[in-house]
Amino acid sequence: MPVEITWWGHATATVRDSDVAVLTDPLFVRRLAHLRRRRGPVPPPAAARADVAVVSHLHADHLHLGSLAKLTPGTRLLVPWGAGRAVPGLRRVAGVRGLRVTEMRPGDEVAVGAVRLRAVPAAHDGRRLPYGPRRVPALGYVVRGEATTYFAGDTGLFDGMAEAVGPCDVALLPVGGWGPYLGHGHLDARRAAQALARLGAVSAVPVHYGTYWPIGMDAVRPHEFHAPGHEFVRHAGRLAPLASVHLLGHGESVRLEAAR
């Protein structure tokens, strides 16, 4: 099988292709500030073992220093251009753990074993909130090995998305968030299905939902926590009927064939 996807929760997944393990937006904690993990166990230590980890943007639930510190020493780490300047702690963690950091702009490519990773644009505020330079871009990544897999990170729909990503077999798309309301620069289940239709991917895995929720707000719009995955399946059936959607539980995997 050319590609295996394991979803660990939130935006954290392992894409295994051509004997290369790519880990997305590592987040290995039960609590992050006001957020509590409400579904799924904290990923096991094995989840932190990868050949390369990618960070889509600088928000703390995507670039989490404590989780990066759990990566195996020597892991290749791809981050948005300017991340080292905007998040000084990143250099400290990388130095202590021996992480090999490469800062990426849209269009940049790196090779890791038999896989090539290309950074692509994302329509999302990439700053390290509540402060930070706006010039730090948010990114998605295209992983090309035996299959081509698109990890969107956090993004809204944007003109030229399909052209920027190119043909892909699998799309890991955010379909929700960690609170009762989604702000600008996010995909909900319907917009994620629209993105899938634009991309023309053969398979999709919904991510970035049903994991973290603000403490004390369990009863506030709970459908926004529980429903996005199933809503994405429903909307994708209407908007992208030729695509197969794989709704994974936390820690579950799916193996997929390339269509090209």
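In this predicted model, strands β5 and β15 run antiparallel and are joined by 3 bridges. One of the pairings involves Leu35, whose bridge partner in β15 is Pro214. In general terms, the strands of a sheet pair through backbone hydrogen bonds, in either a parallel or an antiparallel manner.

The two strands belong to an open sheet of 3 strands, in which the order is β4-β5-β15 and the pairing is antiparallel. Because β4 and β15 each have a single partner strand, they stand at the edges, and one side of each is left without a neighbour in the sheet.

Most residues other than glycine have a negative phi. Ala33, however, is not a glycine and has a positive phi of about 55°. Ala33 lies in the loop between β4 (31–32) and β5 (35–37). Its relative accessibility is 57%, and Ala33 therefore counts as exposed, the cut-off being over 50%.

His208 likewise is not a glycine, and has a positive phi of about 60°. This residue is placed in the loop between β14 (203–207) and β15 (212–214). Is His208 buried or exposed? With a relative accessibility of 1%, His208 counts as buried, since that term applies under 20%.

Asp19, Asp51, Glu146 and Glu257 form a negative surface patch. Of these residues, Glu257 is found in the segment after β17 (253–256). Glu257 counts as exposed because its relative accessibility is 51%.

Technical notes
Residues numbered from 1 in each chain as written. Predicted model: local features only at pLDDT ≥ 70, side-chain atom pairs only at ≥ 80, totals over all residues. Heavy atoms only, no water. Patch = residues over 30% accessible without salt bridge, like charges linked within 9 Å, V, L, I, M, F, W, Y side chains within 5 Å. Areas by Shrake-Rupley, 256 points an atom, 1.4 Å probe, with all protein chains shown as cover. Salt bridge = Lys/Arg side-chain N within 4 Å of Asp/Glu carboxyl O. Lys, Arg positive; Asp, Glu negative; His and termini not counted. Charge placed at Lys NZ, Arg CZ, Asp CG, Glu CD. Helix = DSSP H or I, 4+ residues; strand = E, 2+ residues; numbered from the N terminus. Buried < 20%, exposed > 50% of the residue type's maximum accessible area, 1.4 Å probe, protein only. Pairing = 2+ DSSP bridges.
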